[in-house]
Amino acid sequence: MGPITRRIGTLQGPRGWAVFFALIAIALLVPLLNLMVPAGSLFYVPDYVVPLLGKYLCFALLALSLDLVWGFAGVLSLGHGAFFALGGYAMGMHLMREIGDRGVYGNPLLPDFMVFLDWDHLPWYWYGFDQFWFASLMVFLVPGVLAFVFGWFAFRSRITGVYLSIISQAMTYALMLAFFRNEMGFGGNNGLTDFKDVLGFDLSTPGTRAGLYVLTVLALGLAFLICRFVVKSKLGRVATAIRDAESRVRFLGYRTDRFKLFLWTLSAMLAGMAGALYVPQVGIINPGEFSPANSIEVAVWVAVGGRGTLFGAIIGAFTVNGAKSFFTGWAPEYWLYFLGALFIIVTLFLPGGLVQLASRVRDGFTGGRNRGLRAARRSARATEGETSHAT
Amino acid sequence: MLRLRTLIALLIVALVGLAPLAATAADGDEEVFQAALKGITASSFEEQLAAIDTLAGLGDPRAVTLLRALGGGMLQVRKSDGALVVAERDGRDYILSDPFTGEAMGTVSRRDVDKITVNNALRGAITAALSRLALFDPDVAKRREAVAAALKYPSPEMATALNKALEAEEDADLRRGMERALAAARISSPDKAERLAAIETFAGSSDPDIRSLLMPLQDEATESDPEVRTAAAEAIKRIDNRLALFRLVGNLYQGISLGSVLLLAAIGLAITFGVMGVINMAHGEMIMLGAYTTFVVQEVFVAALPPAYLNYYLIVALPVAFLVTALVGAALERGVIRFLYGRPLETLLATWGVSLILQQVVRSIFGATNRRVANPDWMTGGFELVGGIVLTYNRLIIIVFAFAVLIALAALLRYSFFGLQMRAVTQSRGMASAMGIVTGRIDAMTFALGSGIAGAAGVALSQIGNVSPNLGQTYIVDSFLVVVFGGVGSLWGTLVGAMSLGIVNKFLEPYSGAMLGKVLVLVFIILFIQKRPRGLFALRGRAAEM
């Protein structure tokens, strides 16, 4: 065994690995039960469930990416929806090109909305998206480069805390306004939709949907391991130290901006991947995904699950989105009450999220095993307090 | 005997032929009028033309009905006494009426009247004459129309009528218009000195219409005299400069108007975020609550008071909205935010939750659709400043209101005891507490003040936009950027931030469109914050934390 494989082995304990593989197995069971089991059976999973769960998995991946920067580097981004949407648009552009001449206007080169707008040629930034490999590369590259440039400026100027939150929010807001414009060439208000197939597989068949679902499960599993690898590494520990006391780390001689920039860019690329997996399963991407409200909602998924734990983000994304589906079906007018209350309750009473709640219940409120975590949190609070007094 | 008859004939010819000259004389108008009436019935086409011209030049309102009848081919001559009559055909007979008074004059047979034939050239002259006569119309609106038309289609003939009309006109606005139209008529004069003089009067104008009048004068194809051409080119250049200046002023005004809206939206944040360091994402919803309070007060006025009082509902709405939102703000501070001091990110999320709940509450009570809040009479309308720049009263009042709020707030912070306590708590919580200030109460009051100002802003913003549950969301990103851009904790910075963002936005719009202008401004701010993370007017803090 090489050093890397040995380190992968120690990412989590034997129990952790067992849970990890068990969850992946359960997740993979869903499409099997959908495709193999006859419709009348007790174990049959209806068709609509597969893309729905697929959507949750994409959200979980997005939440995971936010937890990487917020939970471990203390950078609360309110603009992660932008990276998600950019990844989604990159994939959507490929799917648009793949429609070819089967669109309403039958133009082999131009997507329908461009024909509708009387454009006579493809804008230069649409070149190459007919190739799947190119689009896949862009899924990572576009959010990655944007995050790198944005982060490089922001972290170098030592923009921290709420200031970073506000300008990241302004970033996604600006992108939203820009993408709403027809002249941008991304379908304006309606966005990109009416996709036909991906890599030749028809998107409307259960088989393709199951395939996309499996891919998402594997992507989430892989992303989790990558994040775990990063936060367990020395780099991750420095990042955690930055989260808790940035000035101290800087005085010790670390270039804190570089650590944060690395995590930030990696996180944006993961968010882009989530968006790329989301679009073919949902069948549409429009500028609404850039709205600041969406990005803030991601923060609440992470907060509900428990930030700084990685798997908490996944749990949070599933819980909140499950509740959302439930409410929008049952009583849509109560959903915002519930979501709003969730924001308040979690921040006031459950700063560690569901993960903390679970461990509290398990420890019978004695707080034996999480002393370390809580101590870290206390010190974080202390330094944040220090900062706010200085301003 | 023969000599005497020749003399009389000559005299009549002279009288008719010199009619236009005679028209300029003030007295004897009536004689000329009567003579011109004769001229209309003359058999010579030239005489008829001259007579019509004379009638138009006299500016006598009686000529209007006469010329209309003539143009319509209804003016006839009664054979029995040679009187002019308007004849309307009725079977084989004609119903006669007086051309000036419209009085009925009985019915006669076809043979008893002679029709005055009108050809196309004459008809054209009649139309021109009528348009000149409109300058003397008793109706101001008609006169204004006529002046505008005279300005658009100038002619030397018009000049005479305009001169005459100027003598009688009392409306200052119309007089100005007539003077311009007169000059415009002189532009088309064959006399070079006249043209130069006309160009001189126009050089001070700022009217695009006049600019287009001058255009042919600087063109070699239409103007032969080089001196006139240079003068015209010079005048056009000056008009262009003035128009550009007016555009600038217009943009500036619009920018200040937008800036004052941003200022109103951000001023409460300058307190909660700037002074207390609390990120209140529900700030926009406080604005929305203020707007809805305005709506409720308006409805109460409609339901309970006579309509005459409706004009004053805003005066009641302002303090009510301030109180309502201040109470909500105090409740928010005591219920949620005070547990989260020193944890700005958590505050941000919790207040976001509050904003969602407030939006949904309003949606449940008032419905998701827009509510209409009417402008009171004293806020509708506006006045024209110069060159088509209209200042609407509601925008103007909002600008004044925004500044008034800012000044009042600055005075409160600077001079009142509460302001002193507030500054003490922000600067050093522990020390302030040790000196006997109840910091918790000051926190609540400060937050209530910030929220109340947001509510007052909502009253103002309800006057220029839709009142909907999403109202707050449209302002939240902008107002945070204003505060961050201007510098947290500085009211002065908030003012400069709001105004510069508003003005830059409005100046970018014509070149890039509203959306892209906004995007560019956002990008600029994002870049600016990189350079000066603490904003334009940063308070000095510990360098290590910067």
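This is a predicted model: local features need pLDDT of at least 70, side-chain atom pairs count only at pLDDT 80 or more; totals for chains, interfaces and linings use all residues.
Chain B is built from 22 helices and seven strands, and with a radius of gyration of 36 Å, well over the 24 Å that the globule rule gives for 546 residues, it is more spread out than a compact globule.

**Chain B as a whole**
- If you follow the C-alpha trace of chain B along its principal axes, it spans about 125 × 60 × 40 Å.
- Buried residues make up 42% of the 546 in chain B.
- Take the contacts in chain B with a separation of 6 or more: 68% of them come from residues 24 or more positions apart.

**Where chain A meets chain B**
- On the chain A side, 46 residues are in contact with 42 residues of chain B.
- Several helices of chain A supply at least two residues each to this side, among them helix 6 (132–156), helix 12 (292–305) and helix 16 (371–390).
- Helix 7 of chain A gives the most, with 14 residues.
- Sort the chain A residues that touch chain B by type and you get 30 nonpolar, 11 polar and five charged.

**Two helices side by side in chain B**
- Packed helices are described by the angle between their axes and the distance between those axes.
- For helix 12 (residues 226–275) and helix 19 (residues 439–461) of chain B, the axes come within 8 Å and cross at roughly 170 degrees.
- Angles over 145 degrees count as roughly antiparallel, so that is the label for helix 12 and helix 19 of chain B.
- Helix 12 of chain B brings residues including B:V261, B:L264 and B:I271 to the contact, while helix 19 of chain B brings residues including B:F447, B:L449 and B:I453.
- The residues of this contact between helix 12 and helix 19 of chain B divide into 13 nonpolar, five polar and no charged.

**A hairpin in chain B**
- Strand 3 (residues 93–97) and strand 4 of chain B pair up in the antiparallel sense, over four bridges.
- One pairing to look for is B:Y94, whose bridge partner in strand 4 of chain B is B:V108.
- Between the two strands of this chain B hairpin sit six residues, and B:G102 takes a positive phi near 80 degrees.
- Strand 4 (residues 104–109) of chain B lies largely in the open, because the number buried among its six residues is zero.

Definitions and conventions: Residues are numbered from 1 along each chain as its sequence is written. Chains are lettered from A and ligands numbered from 1 in the order in which they are written. The radius of gyration is taken over C-alpha atoms; the globule rule is 2.2 Å times the number of residues to the power 0.38. A residue is buried if 20 or more other C-beta atoms lie within 10 Å of its own, exposed if 12 or fewer, and partly exposed in between; C-beta atoms are placed from the backbone. Two residues are in contact if their C-beta atoms, placed from the backbone, lie within 7 Å. Ala, Val, Leu, Ile, Met, Phe, Trp, Tyr, Cys and Pro count as nonpolar, Asp, Glu, Lys and Arg as charged, and the others, Gly among them, as polar. Axes are lines fitted to C-alpha atoms, for helices over the stretch in contact, and angles run from 0 to 180 degrees between N-to-C directions. Angles under 35 degrees count as roughly parallel, over 145 as roughly antiparallel, 65 to 115 as roughly perpendicular and the rest as oblique. Two strands pair if DSSP finds at least two bridges between them.
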